[in-house]
Amino acid sequence: MTRRGSWRTVPQADAAGRLTNARAFLQAASELMELSRPGHSCNPVITQCVDAAIAYGDALSIRFGGIVNSRDHHQLENTIRRAIGERLPASEARRLGQILGEKDEAAYGAHSASQDDARAVLLAAKRFAQWAEAELSRPR
């Protein structure tokens, strides 16, 4: 079988586990944000937001396409689009790209994100989650 994208096939039943994880990552990000203090690094908040967005994307692509992104997370948009087509609005694709763009610096970089930085990413993650939850409630 020739692979044509950055995805691999998985059982559609795996979508439920990814959705559970997505919700947990987003909840963890919210709780970490509440615990944050001015002047301290908020990178963990951003990292949880990124993980939530990835898990939501995986849940979508698995549920509607039976595929999951298996390479660079920056290819997640293409995997989602493969699974749901044009139901992925440009605004949500941009939002996902912005969230994923925070991954390397938050997880591996030397920069410490401020509370304002983290709040902005958390808001983007919550908006992406809201859209994803609505999509996931649709019939196949």
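What follows is a walk through the helix packing of this model and a few of its residues.

The model is predicted, so local features need pLDDT of at least 70 and side-chain atom pairs count only at pLDDT 80 or more, while totals for chains, interfaces and linings use all residues. Residues are numbered from 1 along each chain as its sequence is written, and side-chain values use heavy atoms, with hydrogens and water left out.

Let's start with helix 2 (residues 43-65) and helix 6, which pack at about 15° with their axes 9 Å apart. Helices here are DSSP runs (H or I, at least four residues), numbered from the N terminus. The axes are lines fitted to C-alpha atoms over the stretch in contact, with angles from 0 to 180 degrees between N-to-C directions. Helix 2 and helix 6 are therefore roughly parallel; the cut-offs are under 35 degrees for roughly parallel, over 145 for roughly antiparallel, 65 to 115 for roughly perpendicular, and oblique for the rest. Their crossing is left-handed, a term for a near helix turned anticlockwise from the far one by less than a right angle (clockwise would be right-handed). On the helix 2 side, the contact includes Val45, Cys49, Tyr56 and Phe64, and on the helix 6 side Val121, Phe128 and Trp131 are among the partners. Contact means heavy atoms within 4.5 Å.

Helix 6 also meets helix 1 (residues 14-35): the axes come within 11 Å and cross at roughly 155°. Helix 1 and helix 6 are therefore roughly antiparallel, and the crossing is left-handed.

The contact includes Gly57, Ser61 and Phe64 of helix 2, and Thr79 and Ile80 of helix 3.

Thr79 is worth a stop. Thr79 sits in helix 3 (residues 76-84) and counts as buried because its relative accessibility is 0%. Buried means under 20% relative accessible area, exposed over 50%, and partly exposed in between (1.4 Å probe, protein chains only). Not counting residues up to four places away in sequence, Thr79 touches Ser6, Trp7, Ser61, Ile67, Val68 and Asn69.

With residues up to four places away set aside, Leu100 touches Val50, Ile54, His73, His74 and Leu76. Leu76 is 24 residues from Leu100 in sequence, and their C-alpha atoms are 9.1 Å apart. Glu92 is in helix 4 (residues 90-100) too, and counts as buried because its relative accessibility is 8%. Leaving aside neighbours within four places in sequence, Glu92 contacts Arg127, Phe128 and Trp131.

The ring centres of Phe128 and Trp131 are 5.6 Å apart and the planes are at 40°, so the pair is tilted. Rings of Phe, Tyr and Trp (its six-membered ring) pair if their centres lie within 6.5 Å; planes under 30 degrees apart are stacked, over 60 edge-to-face, and the rest tilted. Phe128 and Trp131 are separated by about one helical turn because they are three residues apart in helix 6 (residues 115-136). Both Phe128 and Trp131 are buried.

Conventions:
Helices (H or I, at least four residues) and strands (E, at least two) are DSSP runs, numbered from the N terminus.
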